Amino acid sequence: MIELFYASTPNGRKISIMLEEIKFDYKITEINLSKGDQFNLNFRKISPLSKIPAITDHKNKISISQSGAILIYLAELSGKFYDADNRISINQWLMAQMGDIGPMLGQHHQFHHFNPGKSKFGEERYFNIAKRIYKDLDEHLSKSNFLAGKNYSIADISTFPWIARHNWHDIGLKNYKNLSKWYETISQRPAVIKGYDCLKTGEKIPQV
Ligand SMILES: N[C@@H](CCC(=O)N[C@@H](CS)C(=O)NCC(=O)O)C(=O)O
C-alpha cells in the first residue's frame, strides 16, 4: 500500500496518474496547501522542503518526496514507463520537466493567472518563456510520438499535468499541432483520466 500525500496540482497529479498507470494500491492523504498542512512537523519529516507530492511505501517502509524521485522509484518498482535501454533520454526529459518546464510554467501561473497587473516584467518574462516551452515541445514532438521516443514514459507523465493547465497559459494549445496531438493521446488514457481526478470531484481534463 502506497500512501500519497496529495493536493490537486500538476505536481500532485503526476503521482496519482503514475499510481493509476501501474495499478498500485494507494490511498490519498490530502495536504491542504492554503491551510498550511505542508508545514506540519510530521509531514516535514517526509518532505523536508514542505512540498507535495510525497509518498510512504508502507510495505517497504520508505518515504520519498520530490516528484521526479517518486516517479523513478515507482517506475523501478513496477518495471513500467522507464525502459532500461532508453533511460538516458527519459532522464533528460524528466529533468527538463523538473528543472525547466514545471518551474517556468509555475511562474507563468503566478504572474499571468493569479496576479495579473502586479508586475509587467514578470508577466512578460514568464509569458515569453512559456511560449518558448510550447514551441520547443511542439518542435520536438514533430519527431517522436512521446517525449523520450516511441514509448510513453515517466517523462510524459510528469509533463502532461503542466500542459493540462493550458487554459491558464493563454497560449493557444491548439495552434501547436504536435503538442496538441501528444496531449490528446495522453488525455484519453483511462489511467490518466482516473489519476487526474483521483479525489473524485468530477474535475475533467481540459480539452484542447
Ligand atoms: N520540485 C518539487 C516541486 C513540488 C511543489 O512545488 N509542490 C507545491 C505544490 S505544486 C507545494 O507543495 N507547494 C507548497 C509550498 O511551497 O508551500 C517536485 O517536483 O515535487
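1. Helices here are DSSP runs of at least four residues, and strands are runs of at least two, both numbered from the N terminus. With those labels, serine 144 is placed in the loop between helix H5 (120-140) and helix H6 (154-163). The model under review is a predicted one.

2. Serine 144 has 15% relative accessibility. Buried means under 20% relative accessible area, so serine 144 counts as buried. A polar atom of the serine 144 side chain lies 2.7 Å from the backbone oxygen of phenylalanine 146.

3. Helix H6 is largely enclosed by the rest of the structure, because ten of its ten residues are buried. Among them are Asp156, Thr159 and Trp162.

4. Leucine 94 belongs to helix H4 (residues 87-114). Its relative accessibility is 0%, so leucine 94 counts as buried. Apart from neighbours within four places in sequence, leucine 94 is in contact with Gly68, Leu71, Ile72, Ile154, Ala155 and Ser158. Ile154, Ala155 and Ser158 are buried residues of H6. Asparagine 167 is 73 residues from leucine 94 in sequence, and the C-alpha to C-alpha separation is 23 Å.

5. The residues around the ligand are Thr9, Asn11, Leu33, Gln38, Phe39, Ser50, Lys51, Ile52, Pro53, Gln66, Ser67 and Met98.

6. Which side chains have an N or O atom 2.8 Å or 2.6 Å from a ligand oxygen? Glutamine 38 is the one at 2.8 Å, and lysine 51 is the one at 2.6 Å. A ligand nitrogen is 2.9 Å from a polar backbone atom of isoleucine 52. On its own the ligand has 510 Å² of accessible area, and the protein covers 74% of this.

7. Isoleucine 52 and proline 53 are joined by a cis peptide bond, with omega about 0°. Proline 53 is in the loop between helix H2 (41-46) and strand S3 (54-57). Both residues are also among those that surround the ligand.

8. For glutamine 66, phi is positive, near 75°. Phenylalanine 81 is in the loop between H3 and H4.

9. Is each of these residues buried, exposed or partly exposed? Glutamine 66 is partly exposed, with a relative accessible area of 44%. Phenylalanine 81 is buried, at 15%.

Definitions and conventions
Residues numbered from 1 in each chain as written. Predicted model: local features only at pLDDT ≥ 70, side-chain atom pairs only at ≥ 80, totals over all residues. Heavy atoms only, no water. Buried < 20%, exposed > 50% of the residue type's maximum accessible area, 1.4 Å probe, protein only. Contact = heavy atoms within 4.5 Å. Near = heavy atom within 4 Å. Polar contact = N/O pair within 3.5 Å; in protein donor to acceptor, adjacent residues only side chain to side chain. Areas by Shrake-Rupley, 256 points an atom, 1.4 Å probe, with all protein chains shown as cover.
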